Amino acid sequence: MGSSIGAKPSSDFKPLDKILKSMPKAGKGELIPLLQAIQNAYGYLPKDILAEMSRRTGIEPSTIYGVATFYEQFYLEPHGRHTVKCCRGTACHVKGSSRIIRTLQQNLGVEPGGTTEDMEFTFETVACLGACALAPVMVVDGTYYGKMTYRKVDTVLNSYRQASKENA
Ligand code: FES
């Protein structure tokens, strides 16, 4: 159920050292796996780590940021261990997604786009999750919760909190 990666403080170059040692010829062609490895190690792509990676590999910062901002999988800001997405699209809206969104906001204590203080969850709303037949839909990491109701929000979130405690 997701990873237990937390956001490490940046400026700790040891994980970067390790990554670059394991990919000694890393260049533009390996930029995506390189960024994935950095994000796995740090939980997101810290600016100072990207600057150091650019210095050591010779890959231009503009190329790095071009790729990092193009792909949705990359985060330039600290990101929660779990990503909760709730659909605000029409099919979900008519089936009560606004109440689910409000309940998520209350439970997590953050607005859409925010990350909880304990770095457990990042909360996002999206225009359509591509599963309108299951409306209203919520997704946590890759798991879809279809025909969702606001009453189930606490149970679903608590199962992830519980799993994180067990993995701690
Ligand atoms: S509108 Fe919600 S999944 Fe499409």
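Predicted model: local features only at pLDDT ≥ 70, side-chain atom pairs only at ≥ 80, totals over all residues.
Me: What makes Tyr 42 count as buried?
Reply: The cut-off for buried is 20 or more other C-beta atoms within 10 Å. Tyr 42 has 23 C-beta neighbours inside 10 Å, so Tyr 42 counts as buried.

Me: Where is Tyr 42 placed, and in which helix?
Reply: Tyr 42 belongs to helix 2, residues 31-42.

Me: What separates Tyr 42 from Gly 109?
Reply: Along the chain, 67 residues. Between their C-alpha atoms, 24 Å.

Me: How do you know which domains the protein chain has?
Reply: From the domain assignment, which gives domain 1 as 14-70 and domain 2 as 82-167. The centres of the two domains, taken over C-alpha atoms, are 31 Å apart.

Me: Which residues of helix 3 are buried?
Reply: Ile 49, Leu 50 and Met 53 are buried in helix 3, residues 47-57. They cover an arc of only 100° around the axis, and therefore sit on the same side of helix 3.

Me: What does the face turned away from the buried side of helix 3 carry?
Reply: That face carries Lys 47, Asp 48 and Arg 55. They are exposed; the cut-off for that label is 12 or fewer other C-beta atoms within 10 Å.

Me: What do the buried residues of helix 3 pack against?
Reply: Three helices: helix 1 (14-22), helix 2 and helix 4 (61-70).

Me: What follows helix 3?
Reply: Gly 58 does. Its phi is positive, near 80°.

Me: What is the order of the four strands in the open sheet?
Reply: The order is 2-1-3-4, and the pairing is mixed.

Me: Why are strand 2 and strand 4 called edge strands?
Reply: Strand 2 (121-126) and strand 4 (143-145) each pair on one side only. On average, neighbouring strands of this sheet are turned by 20° against each other, direction ignored.

Me: What makes strand 3 and strand 4 a pair?
Reply: Two strands pair if at least two bridges are found between them. Strand 3 (residues 138-140) and strand 4 have three bridges, in the antiparallel sense, so they count as paired. Within strand 4, Thr 143 stands opposite Val 140.

Me: Which strands does helix 6 lie across?
Reply: Helix 6, residues 97-108, lies across strand 1 (82-87), strand 2 and strand 3. Helix 6 runs at about 150° to strand 1.

Notes:
Residues numbered from 1 in each chain as written. Domains from an automatic or database assignment. Helix = DSSP H or I, 4+ residues; strand = E, 2+ residues; numbered from the N terminus. Arc of directions from axis to C-beta. Contact = placed C-beta atoms within 7 Å. Axes fitted to C-alpha atoms, helices over the stretch in contact; angles between N-to-C directions.
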